[in-house]
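I am opening my notebook on a structure that is new to me. Here is what I looked at.

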Amino acid sequence: MLRIVNMSKNFASQTALADVALEVKDGEFFSLLGPSGCGKTTLLRIIGGFETPSTGEIYWNDLRIDQIRPQQRPFNMVFQRYALFPHFSVFENVAFGLKVKQVAPANLRRRVQEALNLVGLWALRDRLPETLSGGQAQRVAVARAIVNEPKILLLDEPLSALDLKMREHMQTELRELQRRLGITFILVTHDQDEAMALSDRIGVMNQGRLEQVSTPRDLYERPATHFVADFVGSMGSVHGECIDSEAMRLKNGSVIRGRGQLNLTKGCAAEAFVRPEKVHIGGNKSANEIYAKVRSVAYKGLHFELQLEVSPEQIIRAFVPPETMSGGVNVGDQIQAHFSPADTFLFERPT
Amino acid sequence: MKKGLASSKERARPQAPLWAFGVLIAVLIVLYLPIIVMMVNSVLVKTDTWHFGFDWYLQIWNDEELVDALVRSLEVGLISSTVATLISGMAAIALLRSRFRWAHIVNSLSYLSLILPELVFALALLSWFFVLKIQLSLMTVIFAHVTFSLSFVLMTVNGRLATLDVSIEDAARDLGASEMTILRRVIVPAVLAALASGFLLSFLLSFDDFLITFYTSGVGSDTLPIRLYTAMKVGLNAKLSALATLMFLLTFTLIMGLTKMRGLRQILTEEGH
């Protein structure tokens, strides 16, 4: 188990990480998700040993490791732009770590072959990195790391340089590889679909802080902070004023109830989020009801996507099944919609 | 479909018209005719009639002073480019990794000798030797050559380093390599071609240099170009043509070797890539 305690990192006057605490279990596929500049790569580099934290400790099975050099940590990293050695062949790239550790030649060759077979590139062992495609270079970088049998594999946005099709293919490969090896993977990504598809758990980061650490499903169904609600998925939202920790009032007087936070006190600026698939057309006295102008209607196959303007700049999105659209909803119509308080998330709006 | 692709390729690279080749050949003749005349001159010997022979080359071989100058030139070239390659190679690697704020200024300053007029450079060196009361000798020539060679090696090595992903160092560290191993097995091999072209380039510049050598050499430390110059003042003859031909051939061979090397070709053709 990897345990990070009270971690912070300052670059000059900038805070890259603030008060990060995290536990990653053995054999887990863990992702650090966040927008660029949120500190996720810094955190990964600190785990790898390439940056020194300003405060805090890292423990690997109760052994404190934040003082030891990257060479001595039982982890290996797949770098963002692969960082293959340009003057070494594929074989020599993968063999590098073993050679440094002075593994006997016969043993070395067998292990390199195993690693390259695992990523399906043994046939290309004599090629130079510059002759490889992005996906192949990516696989070599993975093989070069896993050949050392790390306890944790660190991956820094490994798929961001690939095109969409290749990226989806490599996602599947990574997930399978992780299952087969049974070791911990820690992946840094800004792509939430990628994090959702691959991870056992996700840590969402924003401005150097860990906002929420949970399973993909909980992240989606139980966002813990305003940032997570705003960042994960694409929810619509309306603004209002808090009444208590579970209700807020819109400007037009109607009350929105939802799953709120304890820190909501009367009078604070609040924001209510709801997922588009949870919004229904029509009235329902026992749910949150809104009146809105239809801004746009788009047919998406499975459903119609409606943009409902509650007031300027406050848009609720709704996915409406085609059969309930039979009455016809047109742009400019004033309609009523409702959503359950159980599907509504209330947060204090950051200023 | 395939045919369409091929024809569009042809359109993208049209055949050059015949007259363009004519112009090319004319320019080459104008440029190289003097050299060709010089070469022909060096192998013509007059006894009763003109005939072909290497008599002039033999004369050079037997001229102790000229052979001494040639040896000195090679000596200066080899020592100064070795020293310059070592210093600049290390400097380029250090500057790349440096978190020192002024690293880029140091870097730009080191290109100074590329843009400084040669005469100014020679004068500066000369006054420096004068102030420090250093006797002009072969040592001062070598010192001067090292100084101007530094920039050229730095330029070639920096060009290569700029195309390297800096995280390969972290990658090597991650795989367990010590700092010394990283330098020896990762960084140096990656810039080896650039180091070699930097070395060859400075050797060429040193071997051909006249002006700076002229001002910084002392008694008995004449290099080949200086010898050639002194001899030319006395009068032109076929022996000098032979000497010049030798210098041309050596330079030409080295340049051909140099352009074959990837490091320099990259810098010359893909600057800023």
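Entry 1, conventions. The model is predicted, so I note that local features need pLDDT of at least 70 and side-chain atom pairs pLDDT 80 or more, while totals for chains, interfaces and linings use all residues. Residues are numbered from 1 along each chain as its sequence is written, chains are lettered from A in the order written, and side-chain values use heavy atoms, without hydrogens and water.

Is A:Ser214 buried or exposed? I find A:Ser214 buried, at 10% relative accessible area (buried is under 20%, exposed over 50%, partly exposed in between; 1.4 Å probe, protein chains only). Leaving out residues up to four places away in sequence, A:Ser214 touches A:Arg201, A:Ile202 and A:Leu219 (contact means heavy atoms within 4.5 Å).

I noted 21 residues from chain B and 23 residues from chain A in the contact. How many salt bridges are counted between chain B and chain A? I found one (a side-chain nitrogen of Lys or Arg within 4 Å of a carboxyl oxygen of Asp or Glu). The side chains of B:Asp170 and A:Arg45 form a salt bridge at 2.9 Å, N to O.
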